[in-house]
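Here are my notes on this model, written up as numbered points. Keep the viewer open while you read.

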Amino acid sequence: MSVSDYEQWEERYQRLGRSRRLPDSLLRENWPILSGPKVLDVACGEGRNALFLAARGFQAIGLDRSPTAVARAQKWAADADLDCRFICWDLETLSLPDTGFDSIVVTRYWQPALCPILTAALKPGGVLLYETYTVDYLRYRPQSRREFLLQSGELERCFAGLQVLRSAEVDKPETREYCAQLIARKV
């Protein structure tokens, strides 16, 4: 019997002691370029990026399919007295619960059919910050599922209608990751 990707993530989030509280390095280094105040964190997991942004005055909304991750993010937001909303949302519906975002952040999640929906959800002048794994990640984690990995140049092609501010493919041997990064503005 095959365990779905959703079930595997839910099991990971339910493990005691599991928590990744630091925001992604691309966001930590580039958050001042984001437009605000309304920012969406797609596939937010336990909310580390949304919480980071809320602590800097953004109205952050995090979406994730995992009820366990969303509950943990809500608790951490309440504990820190941060104005941050988290919504349990299945992104495979290819929809968003809201639109008109000043910025959208997506890390470690890839679903190409969602790209035009994300672009449409950005306000003019809005900024997209996106980082996820490429097929080169297989050299570090050969068990990874290829359908969730980008081909070289694919991220920039999927957001071709946006003005590229930064685009790179980076090898991070210290964390055993190979990622594509894109920061772009809707003009």
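**Notes on the model**

1. The largest nonpolar core has 25 residues, and those with the most contacts inside it are Ile104, Leu118, Tyr130 and Phe159. A nonpolar core here is a set of buried Ala, Val, Leu, Ile, Met, Phe, Trp, Tyr and Cys residues joined through side-chain atoms within 4.5 Å. Buried stands for under 20% relative accessible area, exposed for over 50%, and partly exposed for in between (1.4 Å probe, protein chains only). At least two residues of this core come from each of S1, strand S2 (59-64), S4, H5, S5 and strand S7 (177-185). The labels are DSSP runs numbered from the N terminus: helices are H or I with at least four residues, strands are E with at least two.

2. Quick housekeeping: this is a predicted model, where local features need pLDDT of at least 70 and side-chain atom pairs count only at pLDDT 80 or more, while totals for chains, interfaces and linings use all residues. Residues are numbered from 1 along each chain as its sequence is written, and side-chain values use heavy atoms, with hydrogens and water left out.

3. What does Leu118 touch, leaving aside its neighbours within four places in sequence? Its contacts (heavy atoms within 4.5 Å) are Val42, Leu96, Ile104, Val106, Tyr130 and Phe159. There is also a second, separate core of 22 residues, with Leu26, Ala54, Phe86 and Leu129 among them.

4. On to the rings. Rings of Phe, Tyr and Trp (its six-membered ring) pair if their centres lie within 6.5 Å; planes under 30 degrees apart are stacked, over 60 edge-to-face, and the rest tilted. By this rule there are five aromatic pairs. One of them is Trp31 with Phe52, edge-to-face, at 6.4 Å centre to centre and 85° between the planes. That pair links distant parts of the chain, 21 residues apart: Trp31 is in the loop between helix H2 (25-30) and strand S1 (38-42), and Phe52 is in helix H3 (residues 48-54). Trp31 is partly exposed, at a relative accessible area of 25%, whereas Phe52 is buried at 12%.

5. The other pair to look at is Trp110 with Tyr130, also edge-to-face, at 5.9 Å centre to centre with 75° between the planes. Here too distant parts of the chain are linked, 20 residues apart: Trp110 is in the loop between strand S4 (101-107) and helix H5 (115-121), and Tyr130 is in strand S5 (residues 122-133). Trp110 counts as buried because its relative accessible area is 5%; Tyr130 is buried as well, at 1%.

6. Back to Trp31: together with Phe52 and Phe58 it makes up one aromatic cluster. Arg56 gets involved too, as its charged end sits over the ring of Trp31, 5.6 Å from the centre. Arg56 also lies over the face of Phe52, at 3.6 Å from the ring centre. The test for a charge over a ring is NZ of Lys or CZ of Arg within 6 Å of the ring centre and within 35 degrees of the ring normal.

7. Arg28 sits in helix H2 and is partly exposed, at 39% relative accessibility. Beyond its neighbours within four places in sequence, Arg28 is in contact with Leu22, Pro23 and Phe52. A polar atom of the Arg28 side chain lies 2.5 Å from the backbone oxygen of Pro23. For reference, a polar contact is a pair of N or O atoms within 3.5 Å; within protein, one must be able to donate a hydrogen and the other to accept it, and residues adjacent in sequence count only if both atoms are side-chain atoms.

8. Ser66 is in the loop between S2 and helix H4 (67-79) and is buried at 2% relative accessibility. A polar atom of the Ser66 side chain lies 3.0 Å from the backbone nitrogen of Ala69.

9. Last, some backbone geometry. The peptide bond from Gly36 to Pro37 is cis, with omega near 15°, and Pro37 is in the loop between H2 and S1. Leu94, in the loop between strand S3 (84-88) and S4, has phi near 55°, a positive value in a residue other than glycine.
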